[in-house]
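Here are a few friendly notes to read alongside the model.

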Amino acid sequence: MNAPEKNVGQVHFETAPHFPIYMDYSATTPIDPRVADKMIPYLREQFGNPASRSHMYGWTAEKAVEEARGHVAALVNADPREIIWTSGATESNNLAIKGAAQFYKTKGKHIITVKTEHKSVLDTVRELERIGFEATYLEPQDNGLITVEQLAAAVRPDTILVSVMLVNNEIGVIQPIDEIGVFCRSKGIIFHCDAAQATGKVVIDLQKTKVDLMTFTAHKTYGPKGVGALYVCRKPRVRLEAQMHGGGHERGLRSGTLPTHQIVGMGEAFRIAKEEMDSEIGRIQALRDRLAKGLQEIEEVYINGDMEHRVPHNLNVSFNYVEGESLIMAIKDIAVSSGSACTSASLEPSYVLRALGRSDELAHSSIRFTIGRFSTEEDIDFAVNLLKSKVHKLRDLSPLWDMFKDGIDINSIQWAAH
Ligand SMILES: Cc1ncc(COP(=O)(O)O)c(C=O)c1O
Ligand code: FES
């Protein structure tokens, strides 16, 4: 039997009975118990350094690392030699973007990315701007997607790199990377894609999709934190400047002793993802649709992002006429993410929702529900009932809600200065 037995995924929650129901799978997933089991021998008796060539400990570790590399490559239909181990998606994004920009800097200095990328892409591009590169940040449409036409309009003769993510972490939308890849290849521009949120959720076929560099991480796909990979295309060969210097591991692209246990965990997580993706997606889609249907029974609720080009694990909803901070406090029995200042380290409402044209108020009162392998129908029903009752209660206390119900256009009110 492949699917985890009932309750296997609840191991974490049984040990902490007062913990809320977990609906924040895009922040990180629970480790699949099968992954943890696979890792343990490499923390204990199989502790060798995979770079040790002279004894059994090293050979055993190296064999495990190469097996895992094969699993990661297989999930995305790549050659194992195209997979470089890193410490996670942040490092992969840094290596891809800085590495390509620095290697190809004599060809040009212009980079194109999107306003709704993850900070590990945006901040990396900003850093390159600081040292003399130039960047264009594409504005997505209201549904969160960009088009190839937009990209084509931004290209300059000196554009060397395009970076567009596959699945957005906040709203779950899937960017059209097949078309972007064809376009970039036709122009001789390197195409990097952050697929941290995509593995196990959408089919990735790197024999077909023309991506040059692709970022992966284990901990969004039921693997351990602190390990990831970068796909570096061999045909045509893409060159990078290394960002980590030292022992010349990973063909000189990323020095540092490989964390065998982490890598084994990522390999097993990706092997399971490949095997179970088809059946899992249908089940999760049904749960997400149940959640969407339940929440839409509440008045003045807006779904953020395209619902068609979207992974089934994500539902991002704004609750109008509810104060975001109070809502988050009221629903502590479920673990969700709000992207607003209340729960995130940056003191601003979600820049992704702002880029989609949502007002500050709606961005503040938005909630990201992300579900996954161990979510159940009971979890969904609990969340729907909780939201229904809390939103209702908060609106009962809200003068703005009263005005809305009385048909007053709130935007037309002249508020007294104070
Ligand atoms: C789209 C995306 N890229 C990159 C990252 C960073 O991943 P990691 O935690 O592996 O560095 C995340 C995780 O938050 C993400 O969602
Ligand atoms: S809801 Fe708290 S800062 Fe926006």
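1. E134 is partly exposed at a relative accessible area of 32% (buried means under 20%, exposed over 50%, partly exposed in between, with a 1.4 Å probe and protein chains only). Its salt-bridge partner is K109, at 3.4 Å from N to O (a side-chain nitrogen of Lys or Arg within 4 Å of a carboxyl oxygen of Asp or Glu). The two are 25 residues apart and link distant parts of the chain: K109 lies in the loop between α4 (89–103) and β3 (110–114), E134 in strand β4 (residues 134–138). K109 is partly exposed too, at 36%.

2. Please keep in mind that this is a predicted model: local features need pLDDT of at least 70, side-chain atom pairs count only at pLDDT 80 or more, and totals for chains, interfaces and linings use all residues. Residues are numbered from 1 along each chain as its sequence is written, chains are lettered from A and ligands numbered from 1 in the order written, and side-chain values use heavy atoms, leaving out hydrogens and water.

3. R130 and E127 also form a salt bridge, 2.9 Å from N to O. They sit 3 residues apart in helix α5 (residues 119–130), so about one helical turn separates them (helices are DSSP runs of H or I, at least four residues; strands are runs of E, at least two; both are numbered from the N terminus). R130 is exposed at 61%.

4. The whole structure has 27 salt bridges. D32, R34, E276, E280 and R373 are linked in a network of them.

5. As for packing, the largest nonpolar core has 73 residues (buried Ala, Val, Leu, Ile, Met, Phe, Trp, Tyr and Cys joined through side-chain atoms within 4.5 Å). A second, separate core of 27 residues includes V322 and L386.
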